[in-house]
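Open the model in your viewer and keep the selection tool at hand. The tour goes from stop to stop, saying what to select and what is there.

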Amino acid sequence: MSSEKQEDPTLERHFKGHKDAVTCADFNPNRKQLASGSADKTLMIWNLAPKARAYRFVGHQDVITGVQFSPSGNLVATSSKDRTVRLWTPSMKGESTVFKVHTAAVRSVSFSHDGQRLLTASDDKSVKVWSVHRQCFIYSLNQHTNWVRCARFSPDGRLIASGGDDRSVRLWDTSTRQCINCFTEYGGSVSFVDFNSSGTCIASSGSDGSLKIWDLRTNKLIQHYQVHTGGINSFSFHPSNNYLISGSSDSTVKIVDLVEGRLIYTLHGHKGAVLTVKFSRTGDLFASGATDGQVLMWKTNFDSRSYQEVLQQHSRRSTPDPPPHLTDVYPRVPHLHTPQPTAIQVRSTCFSGFHLQLLNGRTHSTPTWTAAKSQHSNGPWVHHISSSRAEGWTGGESMVGGGRGGRQEEEEEEEKGCSGYPAALDSTLRHIVQQLDILTQTVSVLEERLTLTEDKLKECLNQSQILRDVRASRDRQRMESERVDGFT
């Protein structure tokens, strides 16, 4: 590939294994794995080494809405519409721990940067914080008035940002557990929020296609982009904080230069709404997932040169696009490795409560096998790992752009239906909603008190054990002294 083309992002590999929309993705900090969650209720761990196996984990009973590796890379957290969060081991064993965390669909999950806490956002209008080590609830944040779509920790762990269908982004202090700021200048639902790597800025995207960046030091809106023709479902900051990628329901991935404040690339790699985008921890790669069921992995080349150099070279092209947009990238289909000539069949075995099958990369007619393709330059094998607890499967929900379209339609129908109701009924319904909010806050307070009570009981038990050990030690010493006195 010539140096002239190296400045453009290039499609490195694409993975096919999901049977429904890819809703979330994240890179392992060790740069060896890529995780993706789907509306088909499965988690896929793609090993990036040549000819490496991929793993499929089954356990959730509804759409997986979020995925994130822990900072150490030895755990993967997933959230789901089945109201649970799971912590997985990203290996062949695929063991998982279940958190029954909310009373409604869980929309996002993320680790704190020290890996000690988990943060979840839910349709029950709450944001909750959990202890990873103790695997228990710590506290809840409850000032949103509608579904909460996303929540993230700041890099230093002192702040939490959350956004949702109440068209607001809230900023929380983790020490006081209070809302310290609220940004409300949104024309639609807030679909995604995140901090930049330095923690000085927060960005949020909306169903109206807007992307806004706020400076937390001045609490002012410093950048506002309207580059997509559809709602933005996800975005990701480059580790340098100089670039940002966004995925939209308009089927494109956009790359923005935050220093110059310019849109520089539009990527046309998916055939459906792009639901997730994510940079790797080093920024040299980024991934995108969409309703077409594909996970695309791109090589980041645009950060190796300054924007002015790229713009100068662009101006020398025969048919340059008008600034600020440099170019549209239509990736060519990667070369597919020839499938293995023979299939490897492994008998089904059970270990650690999980069912393991080794699958060929092609569809096979053997009844005990499941087709799971992984199309990229190396054509890896796929393991299928299913939890023994996953029973009574129900049909997944139809694909929508992160669930936003369906919610908006429901709201429109509700507004039409209530327009003809008397004012007394409307007042009664509002009163019921207020009472439900109060009930939710009461339950959260009770959860916190139960957690504190549990900690105190554990401390009492530990103290009791210490006292018993001290008494036993004294008894032994007394018996030994009596034995010595008897001999003398």
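How many bridges join strand β19 to strand β20, and do the strands run parallel or antiparallel? Select residues 201-206 for β19 and 211-215 for β20: five bridges join the two strands, which run antiparallel. Strands here are DSSP runs of E, at least two residues long, and helices are DSSP runs of H or I, at least four residues long, both numbered from the N terminus. Two strands count as paired if DSSP finds at least two bridges between them.

Before moving on, note that this is a predicted model, in which local features need pLDDT of at least 70 and side-chain atom pairs count only at pLDDT 80 or more, while totals for chains, interfaces and linings use all residues. Residues are numbered from 1 along each chain as its sequence is written, and side-chain values use heavy atoms, with hydrogens and water left out.

Stay with the two strands and pick I202; its bridge partner in β20 is W214. Now widen the selection to the open sheet of four strands, whose order is β18-β19-β20-β21 with antiparallel pairing. β18 (190-195) and β21 (220-225) are the edge strands, each pairing on one side only. From one strand to the next, the twist averages 20 degrees; the axes are lines fitted to C-alpha atoms, for helices over the stretch in contact, and angles run from 0 to 180 degrees between N-to-C directions.

Next, select β16 (residues 169-173) and β17 (residues 178-183). These strands pair in the antiparallel sense over five bridges. D173 has Q178 in β17 as its bridge partner. The two strands form a hairpin with four residues between them, and R177 in the turn has a positive phi of about 60 degrees.

Now select the cysteines. How many disulfides are there? The count is zero, where a disulfide is a pair of cysteine sulfur atoms within 2.5 Å. C182 is in no disulfide, and the nearest cysteine sulfur, that of C179, is 5.6 Å away. With a relative accessible area of 29%, C182 is partly exposed, whereas C150 is buried at 1%. Buried means under 20% relative accessible area, exposed means over 50%, and partly exposed is in between (1.4 Å probe, protein chains only).

Go to T266 in strand β25 (residues 262-267). Is T266 buried or exposed? T266 counts as buried because its relative accessibility is 2%. Show the side chain of K254 as well: the side chain of T266 makes a polar contact with it at 3.1 Å. A polar contact is a pair of N or O atoms within 3.5 Å; within protein, one must be able to donate a hydrogen and the other to accept it, and residues adjacent in sequence count only if both atoms are side-chain atoms.

Another stop is Y55, in strand β5 (residues 54-58). Y55 is buried, with a relative accessible area of 13%.

Finally, show the whole protein. The protein has four helices and 32 strands. Of its 488 residues, 51% count as buried.
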